[in-house]
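This briefing walks through a two-chain structure, topic by topic, for a reader who has the sequence and the coordinates at hand. Please look at the structure first and then follow the points below against it.

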Amino acid sequence: MRRLFANRLAIVTGAVVILMSVLFALARVNA
Amino acid sequence: MVGHAGRGAVWVVVYLLFILAPLFALLAGSLPPARDFWTEFAIAIGYSGLAMMGLQFGLTARFRYVTAPWGEDVIYHFHRQISQIAVGLVVAHALIMSATYPEMFALPGAIGEVPLGAVFAFMSIFALIALVVTALWRVQLNIRYETWHLTHIALAVIAVAAGMAHMVGWAFYLSDPWKRALWIGLTIFWIGLLLYVRIFKPLFMLRRPYRVREVRKERGDTSTLVMQPDGHPGFRISPGQFGWLTLWASPFKITGHPFSFSGSAEVADGRVEMSIRNLGDFTSAIHKVPVGQRVYLDGPYGAFTIGNPADMHVLIAGGVGVTPMMSMIRTLADRGDKRPVILLYGSKDWESITFREELEALKARLNLDVIHVLANPPTGWTGEQGFISAEVFKRHLPPPYADHEYFICGPGVMMDAIEKTLGELGVPLTKYHSERYSFV
């Protein structure tokens, strides 16, 4: 369960980073 | 974990800031002309993937403030999982760039024509892939732990340094001197974290050695090392914590091994004990350690400690997983704590039960119940046999199960099974704590 928690934390962190990278790209393209 | 939830959340935000702030800083100041969405996205994941890789040095730097809300095992597991995501981002960066600009990836006429930025990119990606492959399949690849650890560090430094050289070499976003300084500074900071663990901490340990005072033979092919601080007051442990032991070598060598402390936390002279089972590797020489031997200890670490208010402590141990429990039980006895404690203790057979006699004696000083579960019981055995299961729980624990505080330590398979059982019994995640033997 604790490992599952660590897995989820890693997936959420990865998802936030990817989302922010999309925002970065959109900010550049639409600037 | 419950009491630490706030601090844990703060560290997640700090972690994300360390990755995303340097990325969004690239949008300030003078900017290169914007290109298509996929190129810009690929660049963003390239930068953030590298930042994630760099921060790995922070995750493994054993900062007590950072690891305390989670426990060392969660941090190491996160380190392993997030590295796969980071490598995925870096590889995706390369794939998107090669699909968008195939001409950049055309084979040059001569080796000398390959731009330096590309050479570093390949170096970084190959190092990253080698890192992940050797970490995920170290055992299958038959790589010794110590060899792997050294290679792991070398590959990580190559991956991060070459990644940075690739970015600076290409200079698309890093043409502003302050942005270049920011990212180079970050890289120096990441590698500084590594130097902190590998140089500054060992220097500190070198000045605070321990001496082996006694080597005690225990049941179950286990030996207890009693270690006394040599010329310093030592550190204070919480029962259930662990430390990294360096034996037969200087603390600069990458030979530290994690072991739980098994002695009471209430000793006044800084003395600590580690009970180590012979598992055939480095542990097979423990019983031969001479009294007076100089050793080095890095610790204490871990969030696997008693202290939360609970109606009852349920300690579940498999084999040598009893060592942190022993520290808890001895400490509770020294503190005169009369709260009920149940130890569910799985062993191979009756003769190999480590601390069997002492546990029996400790019952007189505590409200302690010990349930032995034997895989190979002797003839005439009327106690529990096989493995610790839901039925064993139901026979020995009073409901409601969710009111007790659970501590589990043992082989991975056993812990997976027990965590599943506790889930079925309706015990919430916040009520149980587990510690796994191996980080790698």
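Predicted model: local features only at pLDDT ≥ 70, side-chain atom pairs only at ≥ 80, totals over all residues.

Two residues are taken to be in contact if their C-beta atoms, placed from the backbone, lie within 7 Å. In that sense, and leaving aside residues up to four places away in sequence, Leu422(B) touches Tyr406(B), Val427(B) and Tyr432(B).

**Surroundings of Leu422(B)**

- Leu422(B) is part of helix H11 of chain B, which covers residues 412-424.
- Because 25 C-beta neighbours lie inside 10 Å, Leu422(B) counts as buried, the cut-off for that class being 20 or more other C-beta atoms within 10 Å.
- Tyr401(B) is 21 residues from Leu422(B) along the chain, and the C-alpha atoms of the two are separated by 8.4 Å.

**The two chains and their contact**

- Chain A comes to 1 helix and 0 strands, and its C-alpha trace spans about 45 × 5 × 5 Å along the principal axes.
- Of the 31 residues in chain A, 35% are buried.
- Chain B comes to 11 helices and 12 strands, and its C-alpha trace spans about 80 × 50 × 40 Å along the principal axes.
- Of the 440 residues in chain B, 36% are buried.
- Between the chains, 22 residues of chain A are in contact with 26 residues of chain B.
- The side of chain A that touches chain B is made up, by class, of 15 nonpolar, 4 polar and 3 charged residues.

**The antiparallel sheet of chain B**

- An open sheet in chain B is formed by 6 strands in the order S4-S3-S6-S1-S2-S5, with antiparallel pairing.
- Its edge strands are S4 (257-260) and S5 (272-277) of chain B, each of which pairs on one side only.
- From one strand to the next, the twist of this sheet averages 40 degrees.
- Within the sheet, strand S3 (residues 242-246) and strand S6 (residues 294-301) of chain B pair in the antiparallel sense over 4 bridges, and Thr246(B) stands opposite Tyr296(B) in S6(B).

- Strand S8 (residues 341-347) of chain B is largely enclosed by the rest of the structure, because 7 of its 7 residues are buried.
- Strand S7 (residues 313-318) of chain B runs parallel to S8(B) and is joined to it by 6 bridges, with His313(B) standing opposite Val341(B) in S8(B).
- Strand S9 (residues 368-374) of chain B also runs parallel to S8(B), through 7 bridges, and here Ile342(B) stands opposite Asp369(B) in S9(B).
- S7(B), helix H8 (residues 322-335) of chain B and S8(B) make a right-handed β-α-β unit.
- S8(B), helix H9 (residues 356-362) of chain B and S9(B) likewise make a right-handed β-α-β unit.

- H8(B) has 14 residues and reaches 20 Å from its first C-alpha to its last, close to the 20 Å expected at 1.5 Å a residue.
- Because 12 of the 14 residues of H8(B) are buried, this helix is largely enclosed by the rest of the structure.
- The buried residues of H8(B) include Val322(B), Pro324(B), Met325(B), Met328(B), Ile329(B), Arg330(B) and Leu332(B).
- Just after H8(B), Gly336(B) takes a positive phi of about 70 degrees.
- Helix H2 (residues 37-59) of chain B has 23 residues and reaches 32 Å from its first C-alpha to its last, close to the 33 Å expected at 1.5 Å a residue.
- H2(B) is mostly covered, with 19 of its 23 residues buried.

Notes:
Residues numbered from 1 in each chain as written. Chains lettered and ligands numbered in written order. Pairing = 2+ DSSP bridges. Helix = DSSP H or I, 4+ residues; strand = E, 2+ residues; numbered from the N terminus. Axes fitted to C-alpha atoms, helices over the stretch in contact; angles between N-to-C directions. Nonpolar A, V, L, I, M, F, W, Y, C, P; charged D, E, K, R; others polar. Right-handed = clockwise from strand over helix to strand, strands pointing away. Expected span 1.5 Å × (residues − 1).
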